[in-house]
Amino acid sequence: MATSSPNRHQPLYFFPERRVTTEELDAMLHGEDRQERCYAVSCMLRYAQWEDIWDYVSRDEVRDLFDDLDLPDSLRAAWARMLKIETVAT
C-alpha cells in the first residue's frame with residue numbers, strides 16, 4: 001500500500017528517533033519482523049498526518065498490530081475509538 005514518493009530515499013518526517021526512508025518503511029511493513037512493523041506503525045500513529053498514515057497501512061493492518069503498538073494511553077484510547085477496537089481497561 002506504499003505511496004509512490006518522488007524520492008524513496010528521502011527520510012520520512014514521522015520517524016523522530018532514526019532515519020527511515022520510504023523504501024525502508026516498505027521493507028519494515030512487509031517484512032517478517034512483527035516488532036519492526038509495530039515500531040513503524042507506532043511512529044505513524046504518533047507523528048504522521050492522517051492522510052499519510054493510510055498511504056502505507058490499512059485500518060485492518062493497524063487493528064492486527066494494535067495490542068503490540070507503543071502508544072501513550074490517551075492516544076491508544078483515541079485510536080481505539082477511531083478504529084472501533086474494544087480495549088480492556090487495566
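Is Trp-50 buried, partly exposed or exposed? Trp-50 is partly exposed, with a relative accessible area of 39%. Buried here means under 20% relative accessible area, exposed over 50%, and partly exposed in between (1.4 Å probe, protein chains only).

This is a predicted model; local features need pLDDT of at least 70, side-chain atom pairs count only at pLDDT 80 or more, and totals for chains, interfaces and linings use all residues. Residues are numbered from 1 along each chain as its sequence is written, and side-chain values use heavy atoms, with hydrogens and water left out.

**Aromatic pairs**

Rings of Phe, Tyr and Trp (its six-membered ring) pair if their centres lie within 6.5 Å; planes under 30 degrees apart count as stacked, over 60 as edge-to-face and the rest as tilted. The count comes to seven aromatic pairs. One of them is stacked: the ring centres of Trp-50 and Trp-79 are 5.7 Å apart, with the planes at 5 degrees. Trp-50 lies in helix α3 and Trp-79 in helix α5 (residues 73-83), so this pair ties together parts that are 29 residues apart in sequence. Helices are DSSP runs (H or I, at least four residues), numbered from the N terminus. Trp-79 is buried, at 4% relative accessibility.

Trp-79 also pairs with Trp-54; their centres are 6.1 Å apart and their planes at 70 degrees, so the pair is edge-to-face. Trp-54 lies in helix α3 and Trp-79 in helix α5, so parts 25 residues apart in sequence are tied together. Both Trp-54 and Trp-79 are buried.

Elsewhere, Tyr-13, Phe-14, Phe-15, Tyr-39 and Tyr-56 form one aromatic cluster.

**Charges over rings**

A charge sits over a ring if NZ of Lys or CZ of Arg is within 6 Å of the ring centre and within 35 degrees of the ring normal. Arg-59 lies over the face of Trp-54, at 4.1 Å from the ring centre. The charged end of Arg-76 sits over the ring of Phe-66, 5.0 Å from its centre.

**Salt bridges**

A salt bridge is a side-chain nitrogen of Lys or Arg within 4 Å of a carboxyl oxygen of Asp or Glu. The count comes to six salt bridges. The table includes three of them.

| Pair | N to O distance |
|---|---|
| Arg-8 and Asp-26 | 2.5 Å |
| Arg-18 and Glu-36 | 2.9 Å |
| Asp-64 and Arg-34 | 3.8 Å |

Arg-8 is in the segment before α1 and Asp-26 in helix α1, 18 residues apart. Arg-8 is partly exposed at 29%, whereas Asp-26 is buried at 12%. Arg-18 is in the segment before α1 and Glu-36 in helix α2. Asp-64 lies in helix α4 and Arg-34 in helix α2, so that pair ties together parts 30 residues apart in sequence. Asp-64 is exposed, at 52% relative accessibility. Salt bridges that share partners join Arg-34, Asp-64 and Asp-68 into one network.

**Helix α1 and its cover**

The buried residues of helix α1 (residues 22-30) are Thr-22, Leu-25, Asp-26, Met-28 and Leu-29. Seen down the axis of α1, they fall within an arc of 165 degrees, so they line one face of the helix. The arc is that of the directions from the helix axis to the C-beta atoms. The cover of these residues includes α2 (34-47) and α3, where contact means heavy atoms within 4.5 Å.

Val-57 is in the loop between α3 (50-56) and α4 (59-65). Val-57 is buried, at 3% relative accessibility. The C-alpha atoms of Val-57 and Asp-26 are separated by 9.8 Å.

Key:
Helices (H or I, at least four residues) and strands (E, at least two) are DSSP runs, numbered from the N terminus.
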